[in-house]
Amino acid sequence: MKTKKFETICVRGGYSPKTGEPVVPPIVASTTYRYETTEQVHELFDLSAQGYFYSRIENPTNTVVEKRVASLEGGVGAVLTSSGQAATFFAIINIAGAGDHIVAARSIYGGSVNLIQHRLSRLGISCTFIDNDSTQAQIEAAVEPNTKLIFGEVLSNPTLKVLDIATWANAAHNKNIPLIIDNTFPTPYFCRPFEFGADIVTHSATKYLDGHALQVSGIIVDSGNFNWAKAYEETGKFAEVVLPDSTYKNISYTQKFGNMAYIVKARVQLMRDIGATCSPFGAFLLQNGIQTLALRMKQHYINAFRVANFLELHDKVENVNFPALKNNKYYNVACKYLPDGCSGVLSFEVKGGRDAAGRVINALKLV
């Protein structure tokens, strides 16, 4: 069969029922799974065999969502988490720890700023925030000997700045570190960051992937493109991905799992030890929401574009943040990375400051 279209993956991705099996992925509300022998269970715990043994680490309903989103993003694998914050946290600490440093775009979601600036700092991970519009040279200049990754958002929340993904990816790769990028606002319908050099993608699946405000979840997707072994050989970084893991009979993730080393490590280490797991019922609602992703994102964008144009011409509006507007600072960058549309999100400033903005918000009847 030819490569499936995006819309088909939204509906069918990650699940292929056999004869007599349910067409709709079932909710597997079981914590544990039955096996015939202790040897079979030993193999699962030692990562020498595939299968489910405890739903904190992996669950069949969650697997459907993971495979579906990985396919939509063009990645090799994914891990579903209990929230977008958990996804960002896991994505970073999977390769960064005490004494390490990261570089992040300054204009990102406030929750991510708090996580990086206040929580991760207490774990000994420092960060340098730099302007979203930094040149490649400026990005590379912010990288320190102990920098483990660079982090940004395709569309910043809530300022709607468009990140020049290729520039940030080139800077990261010149320094032998990965680019992790949050793709929550555009979703893979409008942007697939791996095609521009990003290595890891995260989502707050609570937002557009779900689409109905029914559940809270997040997801990490691995491109499979970053060469962890090569980076370790050249810089000494990412030993935890390359060298033997004593908690799993000294396996090396790169040797055993190849280009899925990062995402397997995130699952079997972080889910095992921290357990920020999405419930099977939440995963069921999420896969249901993803089925209409293509239809919804198209209409979300059309609606937002109309509102943005209306606001841009309003005499009481100071400015509108929406990169699809031709006079927007990020219009040309958006044409490169978001040629079919950007999102259903926009922000704007009204004349009169905070008091005027409060009156506008309080007067809204439908948001």
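Start with a term for the stops ahead: a salt bridge is a side-chain nitrogen of Lys or Arg within 4 Å of a carboxyl oxygen of Asp or Glu. Before you click, note that this is a predicted model, in which local features need pLDDT of at least 70 and side-chain atom pairs count only at pLDDT 80 or more, while totals for chains, interfaces and linings use all residues. Residues are numbered from 1 along each chain as its sequence is written, and side-chain values use heavy atoms, with hydrogens and water left out.

**Stop 1: salt bridges**

The structure holds 9 salt bridges. Select Arg267 and Glu66 to see one of them, with N to O at 2.9 Å. Arg267 sits in helix α12 (residues 261–273) and Glu66 in helix α3 (residues 60–73), so this pair ties together parts that are 201 residues apart in sequence. Helices here are DSSP runs of H or I with at least four residues, strands are runs of E with at least two, and both are numbered from the N terminus.

Are these two partners buried or exposed? Arg267 counts as buried at 12% relative accessibility, and so does Glu66 at 6%. The cut-offs: buried is under 20% relative accessible area, exposed is over 50%, and partly exposed is in between (1.4 Å probe, protein chains only).

Next, pick Lys230 and Glu234, whose closest N and O atoms are 3.1 Å apart in a salt bridge. Both belong to helix α9 (residues 228–235), 4 residues apart, or about one turn of the helix. Lys230 is partly exposed at 38%, and Glu234 is partly exposed at 48%. While you're on salt bridges, select Asp100, Lys148 and Glu240 too: bridges with shared partners join them into one network.

Then try Arg192 with Glu195, where the closest N and O atoms of the salt bridge are 2.8 Å apart. Arg192 is partly exposed at 26%, whereas Glu195 is exposed at 54%.

**Stop 2: Ser343**

Go to the loop between α15 (331–337) and β9 (347–350) and select Ser343. With a relative accessible area of 0%, Ser343 is buried. What does Ser343 touch? Leaving out residues up to four places away in sequence, Ser343 touches Leu155, Phe185, Phe190, Tyr208, His300, Tyr301, Ala304 and Phe322; contact means heavy atoms within 4.5 Å.

Keep Phe185 highlighted: it is 158 residues from Ser343 in sequence, yet the C-alpha atoms are 5.8 Å apart in space. The backbone oxygen of Phe185 is 3.1 Å from a polar atom of the Ser343 side chain. Turn to Val345 as well, where the backbone nitrogen is 3.3 Å from a polar atom of that Ser343 side chain.

**Stop 3: Thr184**

Now click Thr184, in the loop between β5 (179–182) and α8 (187–190). Thr184 is buried, at 9%. Its side chain makes a polar contact of 2.6 Å with that of Asp182. A polar contact is a pair of N or O atoms within 3.5 Å; within protein, one must be able to donate a hydrogen and the other to accept it, and residues adjacent in sequence count only if both atoms are side-chain atoms.

Show Ser204 next: its backbone nitrogen is 2.8 Å from a polar atom of the Thr184 side chain. Beyond four places in sequence, the residues that Thr184 touches include Thr202, His203, Lys207 and Tyr208.

**Last stop: Leu364**

Finish in the segment after α16 (353–363), where you'll find Leu364. Leu364 is partly exposed, at 44%.
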